[in-house]
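Dear colleague,

Please find below the structure for your records. My notes on its salt bridges follow.

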Amino acid sequence: MDCNRCDEEAVMHAAYSGQHLCADHFRESVEKRVRRRIRRDDLVPQDATPEDPETWVIGLSGGKDSVVLTKILHDTFAEDPRIELVGLTIHEGIEGYRDKSVDACVDLSADLDIRHELVSYAEEFGIEMDDVVEDDPENMAACAYCGVFRRDVLSRYADDLEADLLLTGHNLDDEAQTALMNFLEGDVEQIAKHFDASLGPLSEREDQEEFVPRAKPLRDVPEKEVALYAHLEDLPAHITECPHSSEAYRAEIQQLLYDLEENHPGTRHSILSGYEELAGIAAERYGGDDGADLRECSECGSTTTREVCRKCSLLESLA
């Protein structure tokens, strides 16, 4: 099948749009969607200048999503002195898994000539995820521990690096899954928080001075298209699932969305589009009125709603 935009052979077919695209036009399509999302979410402030540039910290895991996001952001802003990119990689301590993805992060950062910071759970907390999984004092899934520790490290280092924005490589599938999970759980306040935390345009979010704002410029691109882009660009991505991954509920939602998308192309886009609009309405209703009493953790000083933050309480149970 030929590309819809030229006479070259198509490398992909997007059922949701009906388009067949060659390698060049496919890459152009992905990049256009990411750059459009950057504009729609007001990520580049009008007052940014070369003399006072914005620092964007990218959560660079070495997987396909973060690698593709980093490449596109670099290509977009390489000649723009208003934006400085920093790749932040976290080594969780998972034998046979994270070492290879760290190598991918190091290689990519060197290829693109961007600053790269590497931190580890071992250095930060004195633990490794392999040991956490073996001990499991809270009888939780590995992802529950890791999510708490990862969010803490990302937030602290984004703050230490004086970041204006923290960007992650969540794709369309990731966000549609999260949207559907929040719908099914009926958690309207969580939907509102999602809008203010990372979904809404920066100009429309509730001010959260305690946290570095987050953004997800890749969220309009389906997961398989991200993987294809990484392949066509020959990017050093480590495409292997974490051996401790065990989010059973999300896996069910993922399969449900696969089936729906197969029978009704465009389902993921429709879910996320409607979710973003409803999240904005929910944020107006609940913004600044969620009763959250933010304070400093008595152990580490991080911002929390508890006397002792979740990270510190988990670390205490693992001691």
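The side chains of Glu124 and Arg156 form a salt bridge, with N and O 2.9 Å apart; the term denotes a side-chain nitrogen of Lys or Arg within 4 Å of a carboxyl oxygen of Asp or Glu. Glu124 belongs to helix H4 (residues 121-125) and Arg156 to helix H6 (residues 142-160), so this pair ties together parts that are 32 residues apart in sequence. Helices (H or I, at least four residues) and strands (E, at least two) are DSSP runs, numbered from the N terminus.

Please note that this is a predicted model, in which local features need pLDDT of at least 70 and side-chain atom pairs count only at pLDDT 80 or more, while totals for chains, interfaces and linings use all residues. Residues are numbered from 1 along each chain as its sequence is written, and side-chain values use heavy atoms, with hydrogens and water left out.

Glu124 is partly exposed at 24% relative accessibility, and Arg156 is partly exposed at 26%. Here buried means under 20% relative accessible area, exposed over 50%, and partly exposed in between (1.4 Å probe, protein chains only).

A further salt bridge links Arg37 and Asp220, whose closest N and O atoms are 2.9 Å apart. Arg37 lies in helix H1 (residues 23-40) and Asp220 in the loop between strand S7 (214-215) and helix H9 (223-232), so the pair connects parts that are 183 residues apart in sequence. Arg37 is buried, at 7% relative accessible area, and Asp220 is buried, at 15%.

In total, the count comes to 23 salt bridges.

Yours sincerely
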